Amino acid sequence: MRFRNWLAILAGVLPMSLVVILVFLTVYAWPAIRFNGWGFAFRDMWNLGNLYADSVTSGGVSIQPGAEYGILFLIAGTLLSTLIALMFAIPVGAGAAVFLAEAIPGQLRTWISLFVELLAAIPSVVFGLWGYVVLIPFLGHHVFPFMSSTLDLVPFFGGPPGSGYGLLTAGIVLAMMVVPLITATLRDALVSQPVALKEATIALGATRFEAIRYILLPRTRGVLIGATFLALGRALGETMAVLMVSGNALNYLPQNIYSPISTMAAFIVSQLDSALQDPSGLAVKSLAEIALVLCVISVAVNAAARLMLAAWGRRLSTVEGA
Amino acid sequence: MKTTIASARPKRATTGLKLLAAAALAAGALSVGSTAFAAQTQLLETGSTLLYPLFNLWVPVYAKAHPGVRITTQGTGSGTGISEAISGVAQIGASDAYMSNAQMKVHPGMLNIPLAISSQMVNYNVPGLNNKHLNLSGPVLAGIYSGTVKYWDDASIRKLNPGVKLPHKMIVPVHRTDGSGDTFIFSQYLSFSTQSWNQHVGYGTTISWPAVQGGIGAEGNPGMVNACKTTAYCVAYIGISYKNSTEEAKLGEARLQNRAGKFVLPTPETVQTAVQATAAKTPADERISLIFAPGAQSYPIINYEYAIVNSKQPTPQHAMELKKFLSWGISAKGGEASHFMRAVGFVPLPAAIARLSENQVAKIH
């Protein structure tokens with residue numbers, strides 16, 4: 001076969017694998033999808049049913065009596081922890097990028113930038129362990145009680161401060177994992193901006209801060225948005241670190257920012273072993289349905305990001321053209 | 001031919017390939033100094049974190065006397081123990097729970113062999129009261145775990161503890177996230193003592209915990225101890241073999257109300273009394289709950305610690321070594337010796353039960 005054909009096959013395999021994964025998940029989870037219906041996304045109930053009773057048949061699907069599956073609390077936990085992570089990570093990440101690109105002199109900049117990039121390579125389980133051993137006792141004993149008493153009247157910030165396991169802790173750990181992603185990408189973009197632009201701005205009497213604020217940052221906004229969506233994708237699917245610090249809440253929505261949560265990815269890991277105990281097999285198929293939902297949400301978020309970037313790019317080019 | 005874990009018929013083709021590759025590598029690496037290991041049989045034990053400390057005591061002693069077998073132990077949760085014993089990844093699945101009727105129907109070749117009798121503590125972390133032994137009952141614990149009993153100074157808890165000054169603090173119930181025999185026996189205690197729990201929640205290695213604001217999930221018995229240590233005002237159920245850890249973490253240990261209405265701590269005596277009250281009903285396949293035994297001095301949460309074993313082993317070599325090890329484990333001079341049992345807080349099997357276990361071990365081939 002010709003080299004070109006080989007390349008074509010190789011290039012085709014990649015996009016195909018996304019389709020194959022989605023099709024596999026759908027086919028495998030089909031009995032669960034039929035049994036759970038649309039309520040799957042809107043109920044707060046994960047119940048394998050009575051595992052010590054005989055399986056019964058309901059609507060053509062073999063189930064354990066009392067089985068019911070709904071994952072609203074997981075969807076909420078996933079989206080909320082990701083949201084908190086991004087709220088921390090975007091300002092910190094962008095600030096660090098500006099600092100690295102503009103405020104530090106040559107040799108030192110190279111070294112610190114290298115460290116930031118290495119930070120992105122740390123396995124998530126390491127962040128999780130650190131969160132479990134260091135962050136949780138610290139936040140749970142000192143920071144959260146103080147926050148909840150001073151912010152008592154602010155919605156979602158008052159109320160029981162919990163134990164350190166929960167939404168805010170998960171958000172902070174996730175933020176630490178995605179900050180390097182944002183910083184490294186944005187720093188590269190800032191450094192690669194034409195020097196003449198900055199020099200011209202300063203020559204016009206602007207301070208260095210103004211040059212960054214009004215000229216450099218707006219020009220790299222697209223990169224920041226792109227990096228943010230990369231970070232979003234990583235935070236949505238993060239498993240181990242969240243599993244270790246989230247408190248693994250079951251069947252309820254968080255009442256404030258300190259409440260325990262669980263996320264879809266973490267739940268699949270923590271429940272797979274239990275689900276295998278279900279003689280009807282529906283529990284594992286319902287986990288596959290969670291994977292499908294997670295897949296669809298992640299793909300949708302990434303697609304939305306691309307569309308936004310494309311739209312933004314068009315607007316930018318018309319502005320520059322004019 | 002060396003026997004390794006890899007020869008234990010893995011379930012899926014991909015795992016099979018991986019294991020095959022691993023086996024090939026291992027065979028290559030070992031062939032250099034293979035004479036010493038030529039006849040060694042590998043057995044893998046995995047599952048219950050409650051049984052794990054006992055296996056850790058047993059294995060070094062057994063291995064010293066039996067160089068022909070190498071036993072690897074892991075604490076992964078009873079759920080994993082059962083499923084890996086079924087799939088053949090592990091030869092011994094340690095579990096605090098027996099397999100359900102439905103599971104037995106799907107896998108009729110599996111054996112549930114009791115190795116010892118365990119009990120479960122209910123621990124708490126209420127600053128100032130951890131050295132006190134608060135009284136708790138099944139209905140009150142069911143209330144805590146279903147969110148109707150919210151504060152430590154709830155009327156129902158005060159009623160059980162006259163004269164104790166309880167704080168007005170929210171209770172944080174901690175449960176296991178992994179499939180767990182501890183969850184199984186704890187939820188059985190709640191089911192057998194509290195009708196509403198039995199109707200709405202029931203029991204199992206994994207149950208659908210009612211939504212309790214603030215309630216947290218933890219992994220394994222060590223995870224339970226740690227979660228409760230770092231979380232003031234928690235309640236957790238922890239296997240007796242972790243008594244050293246709970247004492248180190250300075251957790252409180254509750255007296256539990258038994259069927260006769262008395263409040264008792266898990267001691268060798270109260271566990272022994274409960275065993276005598278219930279063990280006689282044990283059927284030949286030994287799948288039975290010992291929870292909530294009658295008798296004024298019976299501790300309410302006790303259970304058989306099971307080795308879940310496939311009666312059909314991959315090779316005669318595996319079957320022979322497995323039988324030898326399990327027989328040693330349930331013999332009074334071997335694994336049931338009091339220094340083993342005392343170290344982990346277990347109670348040895350009564351002679352009649354040991355005979356039943358022996359009969360089951362004989363079925364392995």
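How many helices and strands are there in chain B? In this model, which is a predicted one, chain B holds 14 helices and twelve strands, and of its 365 residues, 56% are buried. If we take the contacts in chain B between residues at least 6 apart in sequence, 76% of them join residues that are at least 24 apart.

Let me turn to the nonpolar cores. The largest nonpolar core has 149 residues, and the members that touch the most other members are Trp46(A), Leu141(B) and Leu326(B). The element that gives the most to this core is strand S4 of chain B, residues 110-124, with nine residues. Apart from this core lies another one, of 28 residues, which includes Leu186(A), Leu236(A), Ala266(A) and Ala305(A).

Leu326(B), once we leave aside its neighbours within four places in sequence, is in contact with Ile92(B), Ile113(B), Leu115(B), Ala307(B), Val309(B), Val361(B) and Ile364(B). Leu141(B), for its part, is among the buried residues of helix H5 of chain B. That helix runs over residues 138-146 and is mostly covered, with seven of its nine residues buried; besides Leu141(B), the buried ones are Gly138(B), Val140(B), Ala142(B), Gly143(B), Ile144(B) and Tyr145(B). After H5(B) comes Gly147(B), which has a positive phi, near 85 degrees.

Finally, we move to chain A, and to a pair of packed helices. Helix H2, residues 72-103, and helix H8, residues 221-237, pack at an angle of about 145 degrees, with their axes 10 Å apart, and their crossing is right-handed. On the H2(A) side the contact is made by Thr78(A), Leu79(A), Thr82(A), Leu86(A), Ile90(A) and Ala94(A), and on the H8(A) side by Leu224(A), Thr228(A), Ala231(A), Leu232(A), Ala235(A) and Leu236(A). Taken together, the residues of this contact divide into nine nonpolar, three polar and no charged.

Definitions and conventions:
Residues numbered from 1 in each chain as written. Chains lettered and ligands numbered in written order. Predicted model: local features only at pLDDT ≥ 70, side-chain atom pairs only at ≥ 80, totals over all residues. Heavy atoms only, no water. Axes fitted to C-alpha atoms, helices over the stretch in contact; angles between N-to-C directions. Helix = DSSP H or I, 4+ residues; strand = E, 2+ residues; numbered from the N terminus. Left-handed = near helix turned anticlockwise from the far one by under 90°. Contact = heavy atoms within 4.5 Å. Nonpolar A, V, L, I, M, F, W, Y, C, P; charged D, E, K, R; others polar. Core = buried A, V, L, I, M, F, W, Y, C linked by side-chain atoms within 4.5 Å. Buried < 20%, exposed > 50% of the residue type's maximum accessible area, 1.4 Å probe, protein only.
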